[in-house]
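I opened this model to look up its aromatic contacts and what surrounds them. My entries follow in the order of looking.

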Amino acid sequence: MHEDGTVEVLAFNTVHRQPLTINRKYPKHPDFDRYEKEMIGGWFEGANRTDFSDATTLLTIVRQQACQIERLAVPTKYTTQPYRYISTQCGNLAEVEFYSGNVPLTGKPIGFAGEVPEREPGALFDGNMESFFNTPDTTGIWAGVDLCVPKTITEIAVAAQTDDNEIRLGDTYQLYYWQDGWRPTPAAVAGDYRLTWTDRQILFICCATSRGAWNKGRSLTRRGSRYGGKHKNRFS
């Protein structure tokens with residue numbers, strides 16, 4: 001059914017088939033797309049002083065993130081102690097990870113007070129994609145971590161606020177297709193931030209079996225619109 005109430009019958013074509021690739025199991029709400037775009041222009045700094053009076057810019061975000069949490073290489077390496085992210089908006093970040101080589105670094109969260117206690121800077125470093133850092137301020141806000149000892153940062157991973165419906169590495173997913181009832185395909189473990197199924201039918205539901213709930217499943221059609229819904233799906 002379309003938004004105007006008209007009904008379109010989906011006819012199976014068992015001869016002409018094509019692969020199905022998804023990066024989410026539920027349509028992305030426009031707010032989450034906006035949060036990703038608001039990260040553009042934000043930057044990361046490292047310093048030796050806790051007041052960041054000697055700060056050096058390590059990395060500036062210049063484009064919308066390509067996947068749920070993206071690791072970005074730091075162009076110039078500095079050995080400093082406190083590190084922080086400076087936002088151009090009010091935050092809306094889910095996770096930040098600092099790496100020295102392949103070693104994730106931990107320390108004491110620092111920064112602006114959150115809008116509510118559960119949105120303090122510590123939410124950026126808790127490994128929970130559904131928690132996030134957010135403040136009521138919109139100018140010069142920042143959050144970071146004090147490593148207590150100087151470390152050289154080589155990569156920074158960052159993720160905007162999200163509903164955690166993206167495809168996650170290592171999670172198991174089940175695709176169901178409609179053919180006189182919902183029929184399962186073999187379960188797939190995500191080795192990338194996208195999943196591809198080949199040679200399938202026309203109407204699908206994708207669910208994560210290792211986390212989340214059935215109501216986070218995503219129904220898909222070849223025409224690209226959510227069946228009975230208003231959001232457009234993305235297959236690339």
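**Aromatic pairs**

I looked up the ring pairs and found six aromatic pairs in the structure; rings of Phe, Tyr and Trp (its six-membered ring) pair if their centres lie within 6.5 Å, and planes under 30 degrees apart count as stacked, over 60 as edge-to-face and the rest as tilted. I took F32 and Y35, whose ring centres are 6.0 Å apart with planes at 70°, so the pair is edge-to-face. I note that this is a predicted model, in which local features need pLDDT of at least 70, side-chain atom pairs count only at pLDDT 80 or more, and totals for chains, interfaces and linings use all residues. Residues are numbered from 1 along each chain as its sequence is written, and side-chain values use heavy atoms, with hydrogens and water left out.

**Helix α1**

F32 and Y35 both sit in helix α1, three residues apart, about one turn of the helix. Helices (H or I, at least four residues) and strands (E, at least two) are DSSP runs, numbered from the N terminus. I checked burial, where buried means under 20% relative accessible area, exposed over 50% and partly exposed in between (1.4 Å probe, protein chains only). F32 is buried at 14% relative accessible area, and Y35 is buried at 12%.

I then looked at the whole helix, residues 30-38, where D33, E36 and E38 are buried too. Cover for the buried residues of α1 includes β6 (91-100) and β11 (155-160).

I moved on to F44 and Y85, both of which are buried. Their rings form a tilted pair, 5.0 Å centre to centre with 50° between the planes. F44 lies in strand β2 (residues 43-46) and Y85 in strand β5, 41 residues apart, and the pair links distant parts of the chain.

**Charges over rings**

Last, I checked for a charge over a ring (NZ of Lys or CZ of Arg within 6 Å of the ring centre and within 35 degrees of the ring normal). R71 lies over the face of Y99, at 3.7 Å from the ring centre. R84 lies over the face of W142, at 4.8 Å from the ring centre.

Note on methods. Contact = heavy atoms within 4.5 Å.
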